[in-house]
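Please read the points below with the coordinates open.

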Amino acid sequence: LEMLRRLKIFNRSRREQGEQEISIGIGINTGKVLSGNIGSEKRLEYTVIGDGVNLASRLEGVTKSLGVKILISEFTNKEVCKDFITREIDSLRVVGKQRPVKVYELLGKDESEVDPALLKVLPIYRSGLAAYRDRQFTTALEMFQRVAQEANDHPSELFVKRCEQMISTPPDHTWNGVFDMRTK
């Protein structure tokens with residue numbers, strides 16, 4: 001969150017100088033990793049490796065398509081949800097994994113850090129997500145349209161498109177609401 005606050009200040013000065021703004025996405029996961037110096041005598045590099053790091057990297061990569069700045073895994077959300085405001089975004093199956101993972105947007109430390117328009121419609125978003133998962137696509141569509149309109153919310157716009165697709169071509173009985181990531 002502090003990185004994004006500082007980036008906003010930095011981008012303000014870039015705009016004033018006529019330069020293009022910098023945009024970042026952050027993926028955070030909680031899990032076991034191997035950390036240490038890896039390499040040879042000629043070149044050592046301190047790094048971390050493991051499934052936990054790979055998932056964080058996948059989350060960072062999907063922030064842009066989901067239209068969020070900070071995406072955290074269900075494992076991280078479990079650790080921080082009492083201290084931060086988060087919202088569930090999706091259930092994803094990342095490349096190379098069979099088990100889907102729920103992903104959440106980290107919105108802020110408290111309500112003062114969250115866009116007031118989004119805060120106002122957050123319960124509607126959550127109800128829309130529940131309706132979507134319950135295959136009530138018309139109901140979910142109406143809710144996501146409202147959130148998208150009132151809060152200019154990219155994840156809701158994404159679910160509007162998904163709901164329209166599900167209404168025109170309903171999923172078969174095996175559909176479980178999981179979105180399969182096709183790229184890293």
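**Notes on the model**

1. Ser73 is buried, at 0% relative accessible area; buried means under 20% relative accessible area, exposed over 50%, and partly exposed in between, with a 1.4 Å probe and protein chains only. The residue belongs to strand β4 (residues 70–73). Helices (H or I, at least four residues) and strands (E, at least two) are DSSP runs, numbered from the N terminus.

2. This is a predicted model, in which local features need pLDDT of at least 70 and side-chain atom pairs count only at pLDDT 80 or more, while totals for chains, interfaces and linings use all residues. Residues are numbered from 1 along each chain as its sequence is written, and side-chain values use heavy atoms, with hydrogens and water left out.

3. What is Ser73 in contact with, leaving aside its neighbours within four places in sequence? The partners are Ile28, Asn29, Thr30, Leu55, Leu59, Val101, Lys102 and Tyr104. Contact here means heavy atoms within 4.5 Å.

4. Helix α6 (154–168) has 15 residues and reaches 21 Å from its first C-alpha to its last, close to the expected 21 Å at 1.5 Å a residue. The expected span is 1.5 Å times one less than the number of residues.

5. The buried residues of α6 are Pro155, Ser156, Phe159, Val160, Arg162, Cys163 and Met166. An α-helix has 3.6 residues a turn, so residues three or four places apart point the same way. The buried residues of α6 pack against α2 (51–66), β5 (85–93), α4, α5 and β7 (179–180).

6. Met166, in helix α6, has a relative accessible area of 13% and is therefore buried. Leaving aside its neighbours within four places in sequence, Met166 is in contact with Tyr132, Phe137, Pro171 and Trp175. Phe137 is 29 residues from Met166 in sequence, yet their C-alpha atoms are 6.8 Å apart in space.

7. Which phi values deserve a check? Most residues other than glycine have a negative phi. Arg135 has a positive phi, near 65°, and is not a glycine. Arg135 lies in the loop between α4 (116–133) and α5 (137–151), and its 34% relative accessibility makes it partly exposed.

8. Asn152 is also a residue other than glycine with a positive phi, about 50°. Its place is the loop between α5 and α6. Asn152 is exposed, because its relative accessible area is 64%.
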